[in-house]
Amino acid sequence: GVQTCALPICAKKFLRDYKFIKVCTILLRQRNLSLRYILYLMCSPQIMNKFVSLLLVIFPILNIYCLPGSSWPISYILTILVFMYSLSRKGKLNFKLPCGFKSYWIYISIIYILFAHNFGLGLFIPGGYSFFMWIIFFWLCNNFLDYSEFKKYYRIIFIGCSVAFLFQEFCYYTNGVRPLFMLPLPFYGVDKLEIITNQMLLDRSSCFFIEPSHFAQFTIPLLAIEIFDNSKNKIINYFSVYIILILLLLQSGNGLVGVLVLLTIRMLTYFRQSKGRYKYLSYLAFIPIALFCVYKYLETEIGNGIMERVSGMGLSEDAEGATRIIKGFLLYLEIPSVNKIFGYHIDAIEDFATSSRLSYLFVSKISGEYELYLNGFQHVLIINGIIGMTLFMRVWLGLFVCNNLLSKSLVIIFVILLFISNQYIGQMMLICMLLPYMYKNNRL
């Protein structure tokens, strides 16, 4: 028989040599069925593509949880395991990044070390471990993403989430009790009991996500794909209408802004393609109808709820609307001049904010504790400075220029939502950067 201690030595040969795999399959034929199935999965490149595509879709849900005794989210653990396996299976991966992104990465890696307040081994992970894990996952998706499978999984997971959301709303408005959908695992970075309490007190459902806004941010790229990646050349399909309905029912400011921006882009491009006098008639008919529909919708209870979220610009529920918008910029004005240019270390910015004269702006009215929240634009500006912000926006400009309509819409919606919520190094940023990058390189 084959000794267990010899397996690690011939791991690469085991993965690459088809004859050796076939022999091992025969040897394992009479043993555990699950072990044989795992062996089959390791030999199938199609399974790898499907798994990475599925992982990209469920990434924000897996990012909520961590394994018992672990300090890393499940999404990071799976990313590391799949990346290590892909290196041994494929041998050579494509480690390319969008134009200008490597310069941005090098810059923030240097700043991360130079402005560090506490030194440790994690300091020498380029850009910090969260940013580095995001880069690794980008590489994985760039090498293994199957776009058709990704769209299929995206639709399936969204339908499942939307049905669960509608069920929550139905139970809440009929029985006054909202069922919660959570895995029996510890939460990553937050207190699970506090999240459960907040969800029970909110008058909005959030499905499998921590907040309704997170569900909206998960859904917006799918809406862009459904609207602009349409082979039938329709203005809008029925599934897009269903997605818009769910986004409006979520009463999320992110969702409303996403819907308005994407529909505006779609209608403008449609009118541009119209010919002759019908083009101007379409303009004249669309504008008053659109304004009337928005006005009537905002008069409803759901519309009023959405406007309250928009006035909050995606921050905590207990802060004042005007303060939510400007307090990140006020904090930027408080940091030293050198840090305005080069950035302030992410591990020290919260201590600076709570000890500054603006500390009262970051006190929660509910818990009485300090809560530092920055939208995506403020995060990049404060943590990476003017130089980092310039390099970051240069990447998105490069993805926008000379690209297709879907790619441009993803770039536009991401940049706009940077001013409303924080999607920096999240799933939405990954999708909005990955698809334009792959389209621009003729890989989709």
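**Figure 1. How much of the chain is buried.** Of the 444 residues in the protein chain, 46% are buried, where buried means under 20% relative accessible area, exposed means over 50%, and partly exposed lies in between (1.4 Å probe, protein chains only). This is a predicted model, with local features needing pLDDT of at least 70 and side-chain atom pairs counting only at pLDDT 80 or more, while totals for chains, interfaces and linings use all residues. Residues are numbered from 1 along each chain as its sequence is written, and side-chain values use heavy atoms, with hydrogens and water left out. The secondary structure comes to 20 helices and zero strands; helices (H or I, at least four residues) and strands (E, at least two) are DSSP runs, numbered from the N terminus. Take the contacts between residues at least 6 apart in sequence, and 70% of them join residues at least 24 apart; contact here means heavy atoms within 4.5 Å.

**Figure 2. Helix α4 against helix α7.** Here α4 (residues 45–62) meets α7 (residues 129–144), with axes that come within 9 Å and cross at roughly 135°. The axes are lines fitted to C-alpha atoms, for helices over the stretch in contact, and the angles run from 0 to 180 degrees between N-to-C directions. That makes the two helices oblique to each other, on a scale where angles under 35 degrees count as roughly parallel, over 145 as roughly antiparallel, 65 to 115 as roughly perpendicular and the rest as oblique. The crossing of α4 and α7 is left-handed, in the sense that the near helix is turned anticlockwise from the far one by less than a right angle (clockwise would be right-handed). On the α4 side, look for Met48, Asn49, Val52, Ser53, Leu55, Leu56 and Phe59; α7 brings Phe137, Leu140, Cys141 and Phe144. Sorted by class, this contact has nine nonpolar residues, two polar and no charged. In this scheme Ala, Val, Leu, Ile, Met, Phe, Trp, Tyr, Cys and Pro are nonpolar, Asp, Glu, Lys and Arg are charged, and the others, Gly among them, are polar.

**Figure 3. Helix α7 by itself.** α7 is mostly covered, with 13 of its 16 residues buried. From its first C-alpha to its last α7 reaches 22 Å, close to the 22 Å expected at 1.5 Å a residue; the expected span is 1.5 Å times one less than the number of residues.

**Figure 4. Helix α10 paired with helix α11.** α10 (residues 212–228) packs on α11 (residues 238–249) at an angle of about 160°, the axes being 10 Å apart. So α10 runs roughly antiparallel to α11, and their crossing is left-handed. Phe215, Ala216, Thr219, Ile220, Leu222, Leu223, Glu226 and Ile227 in α10 meet Phe239, Ser240, Ile243, Ile244, Ile246 and Leu247 in α11. The class count for this pair is eleven nonpolar, two polar and one charged.

**Figure 5. Helix α11 and what follows.** The buried residues of α11 are Ser240, Ile243, Ile244, Ile246, Leu247 and Leu248. Its twelve residues should span 16 Å at 1.5 Å a residue, and the end C-alpha atoms are 17 Å apart, which agrees. Just after α11, glutamine 251 takes a positive phi of about 55°.

**Figure 6. Helix α8 and glutamate 149.** α8 (residues 147–175) has 29 residues and reaches 41 Å from first C-alpha to last, close to the 42 Å expected. Following α8 is glycine 176, with a positive phi near 80°. Glutamate 149 is found in α8 and, at 13% relative accessibility, counts as buried. Leaving out residues up to four places away in sequence, glutamate 149 touches Lys50 and Ser53.

**Figure 7. Isoleucine 108 in helix α6.** Isoleucine 108 has its place in α6 (residues 101–114), and its 7% relative accessibility makes it buried. Neighbours within four places aside, isoleucine 108 is in contact with Gly127, Phe131, Asn384 and Tyr424. Histidine 345 is 237 residues away from isoleucine 108 in sequence, yet the two are 9.8 Å apart in space, C-alpha to C-alpha.

Figure 8. Most residues other than glycine have a negative phi. Cysteine 207, though not a glycine, has a positive phi of about 60°. Cysteine 207 is found in the loop between α9 (192–201) and α10 and is buried, with a relative accessible area of 1%. Asparagine 442 isn't a glycine either, and has a positive phi of about 55°. Asparagine 442 lies in the segment after α20 (427–440) and is exposed, with a relative accessible area of 70%.
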